[in-house]
Amino acid sequence: MRRLLVLVCLVIFVETMLYSALVPLLPHYTHEFGLSKSAAGLLVGAYAAGTLLAAIPGGIVAARYGPRRGLLAGITIMGLASLAFGFAGDAWTLGIARFAQGIGGSLAWAGALTWLIAASPVARRGELLGTAIGSAIFGALFGPVIGAFAHHVGPREVFVGLAGVAVLLGVWTLRTPGVEAERPRRGSIGRALTEPEVLQALWLMTVPALVFGVVGVLVPLKLDHAGWSATAIAVAWVVSAAIEMVIAPLIGRVSDRRGRLLPLRAALGGAVVVLVAFAFAYRPVVVVPILILSGVTFGAFWAPAMALLSDAADRIGLAQGLAFGLMNAAWGAGNALGPAIGGALADAAGDALPFTVLAVFCLATLASLGVLGTRRVRVPESP
């Protein structure tokens with residue numbers, strides 16, 4: 001179990017590192033290719049669009065052929081896409097490579113988390129998922145460092161090196177004993193999408209993805225406009241992600257003991273405050289502390305929402321691979337739409353508008369929480 005947890009954490013670390021490495025590089029590519037905020041949003045959102053496209057197929061692969069095969073497929077695509085990203089010489093190639101990274105990441109997440117859930121006790125599900133999320137956040141923390149390094153030494157060398165890391169992870173996966181595939185039932189996805197608890201869990205994955213997508217576009221460009229370097233932007237993200245990384249396993253443990261919805265209510269309330277603050281912050285001396293605080297509020301969604309979805313899958317007989325495929329679809333939809341819509345709204349009416357709209361979404365979600373899908377908010381007992 002411990003060896004598997006380390007493997008899962010390393011894969012997720014590398015995947016989120018690839019995702020967040022673009023943050024300090026975004027101003028560079030914006031200037032080099034003459035991108036507007038809308039176009040920059042499309043570039044950022046290409047990763048999530050790939051995740052969305054591969055979400056259900058990735059879940060089917062993990063469920064039908066086994067999570068190890070799904071994980072191997074994801075690692076392979078991530079490695080090849082990293083090579084393409086490193087050698088990209090125009091915005092279209094860059095966007096296609098990032099789209100492919102998202103496809104690989106979707107397969108890797110579905111395989112890794114399905115494998116972890118299959119080998120873990122139900123009573124520790126939130127804690128173990130929180131640990132995996134902590135490694136993802138560490139990847140998000142380290143990604144901007146890699147991006148800043150690539151800005152100074154060149155993307156080609158750095159992303160070729162990351163492709164080499166993917167090869168090593170593939171070898172490790174092959175040497176780790178797998179688990180039996182959990183055959184999906186016919187029509188199980190359709191039935192799952194009629195369950196209020198499943199829909200609520202998926203929405204609670206979509207909301208932070210929307211938020212992170214908008215923040216990932218507008219805040220780096222705002223700091224760049226104020227004269228911040230790629231390295232300085234990376235440091236700001238590192239500090240925020242470091243806080244998020246520390247609290248993720250703790251929040252998962254709270255959700256195991258107190259129910260899934262308690263930390264989610266706190267996260268939504270905090271998100272409203274942070275988003276309103278972002279809407280009226282313009283100077284870096286104000287923006288950066290808000291960004292650091294956002295690591296606490298936005299990061300508190302992941303572990304309890306994922307555990308809520310996994311609990312619901314157990315209850316209705318949905319294969320865990322398909323459950324995590326739906327999770328990837330929810331995240332991908334939110335993170336693909338967030339940057340594109342946020343960038344377009346910011347181009348049309350300024351940065352305050354998209355932050356205000358998101359605050360309203362979070363407030364409405366908080367008001368509805370506890371009304372729908374709350375038949376099973378406690379952790380099921382272990383057999």
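How far apart are the end C-alpha atoms of helix α2 (residues 22-33)? Select α2 and check: its 12 residues put the end C-alpha atoms only 15 Å apart, short of the 16 Å a straight helix would reach at 1.5 Å a residue. That expected span is 1.5 Å times one less than the number of residues, and helices here are DSSP runs of H or I, at least four residues, numbered from the N terminus.

A word on the model: it is predicted, so local features need pLDDT of at least 70 and side-chain atom pairs count only at pLDDT 80 or more, while totals for chains, interfaces and linings use all residues. Residues are numbered from 1 along each chain as its sequence is written, and side-chain values use heavy atoms, without hydrogens and water.

Step past the end of α2 to Gly 34, where phi is positive, near 65 degrees.

Next, zoom out. The protein has 15 helices and 0 strands. Buried residues make up 58% of its 383 residues, and the C-alpha atoms fill a box of roughly 60 × 45 × 35 Å along the principal axes.

Last stop: show Tyr 19, Ala 140, Phe 212, Trp 302 and Trp 331, which lie nearest the centre of the largest cavity among its 34 lining residues. A cavity is a set of points on a 1 Å grid over the protein atoms alone where a 1.4 Å probe fits but cannot get out, and lining residues have an atom within 4 Å of a point.

Technical notes. On a 1 Å grid over the protein atoms alone, a cavity is a set of points where a 1.4 Å probe fits but cannot get out, and a pocket is an open set with protein on both sides within 12 Å along at least five of seven lines; lining residues have an atom within 4 Å of a point. Helices (H or I, at least four residues) and strands (E, at least two) are DSSP runs, numbered from the N terminus. Buried means under 20% relative accessible area, exposed over 50%, partly exposed in between (1.4 Å probe, protein chains only).
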